[in-house]
Amino acid sequence: VTIWSRFSVHDVKLSVCVQSPLAVTQDQLRFAAIESGTSRDVTLSVFLKENFPPADLGGDAAVSYSIPTGVPRIVRCTFSLPLNLICQPIQPSKNAVHKITIDTNQPPVSLSTIFSDFLGESDDEQINVLGFKLLSGATITLLASKTSSRYRVQCDQFEDIWLITKELIQRLEEYFVREGTKDFRCMFPGPLPLQEYFQLIDRHFELRINAEKYKELLSERAVQYRAIQRRLLTHFKDKTPTPLRNLDTLLDGTYRQERTGVVVISLD
């Protein structure tokens, strides 16, 4: 990130934001002042923090500062992160549970042209199928028709189709802009996959309900655990100790239930 100013500014603050689960090594930086006509270069790293893909590879960078008169100002820009940040090339898969087809109104473009950053040295220049493996584990296959202006994206997980589909459309638009084509359009000819969409919503709702249930159960077990601890502490302080009456076994069982609840909530 480069910050350049035409005039002297002070109290400069840079803020960088990316889509979760992506994260920045340092999302805020401050500079006391930047002199007129000078710049500051900042190197940041973006990484995948959780084991699922982001909904978007876009990000925002904002700089707030004060001019010599003391008036605060702010400037903002957007950026796009590279696709290979969250996936890598892999052998394409022939079969998949979910498939969508994108039609265009322009002649087909070889995938080697628009996805050149995912080709190896030995790959064919007129390749019409590519495989992408997300760091979260899913495999997506992209196919381009040799005769018609159609592209197919397929994957076993419906939600993971989105990023590659969006990247395909964006790269096609950029390609035809460079070619001077002004009326390029993408179309989805089939019925909207509402059933798969609603299934994802139902699954998400089910997970949220289960998470709340386990949180409540975990809270109850925590109260029980502390109560057993107090009983045991009182017992050990007694000058004439009596049998534990299985309090130690109950404490161990409650602890195991707590750990199981924490694992289930983290998986959901």
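**Entry 1: a pocket**

I began with the second largest pocket, which has a volume of about 360 Å³. I am working on a predicted model, where local features need pLDDT of at least 70, side-chain atom pairs count only at pLDDT 80 or more, and totals for chains, interfaces and linings use all residues. Residues are numbered from 1 along each chain as its sequence is written, and side-chain values use heavy atoms, with hydrogens and water left out.

A pocket here is an open set of points on a 1 Å grid over the protein atoms alone, where a 1.4 Å probe fits, with protein on both sides within 12 Å along at least five of seven lines; lining residues have an atom within 4 Å of a point. Its volume is the space filled by probe spheres set on the points, which are joined across faces, edges and corners.

I found 13 residues in the lining, with Phe158, Glu159, Trp162, Pro193 and Tyr197 nearest the centre. By class, eleven are nonpolar, one is polar and one is charged. Helix 2 (161-178) and helix 3 (194-237) each supply at least two lining residues, and helix 3 gives the largest share, four residues. Helices are DSSP runs of H or I with at least four residues, strands are runs of E with at least two, and both are numbered from the N terminus.

**Entry 2: the nonpolar cores**

I noted 46 residues in it, and Leu83, Leu111, Phe115 and Phe132 have the most contacts inside it. Helix 2 gives the most to this core, with seven residues. A second, separate core of five residues includes Ile228, Leu232, Leu247 and Leu251.

Glutamine 88 sits in strand 9 (residues 87-90) and counts as partly exposed, at 41% relative accessibility. Beyond four places in sequence, glutamine 88 touches Phe118, Gly131, Phe132 and Lys133, where contact means heavy atoms within 4.5 Å.

Definitions and conventions
Nonpolar A, V, L, I, M, F, W, Y, C, P; charged D, E, K, R; others polar. Buried < 20%, exposed > 50% of the residue type's maximum accessible area, 1.4 Å probe, protein only. Core = buried A, V, L, I, M, F, W, Y, C linked by side-chain atoms within 4.5 Å.
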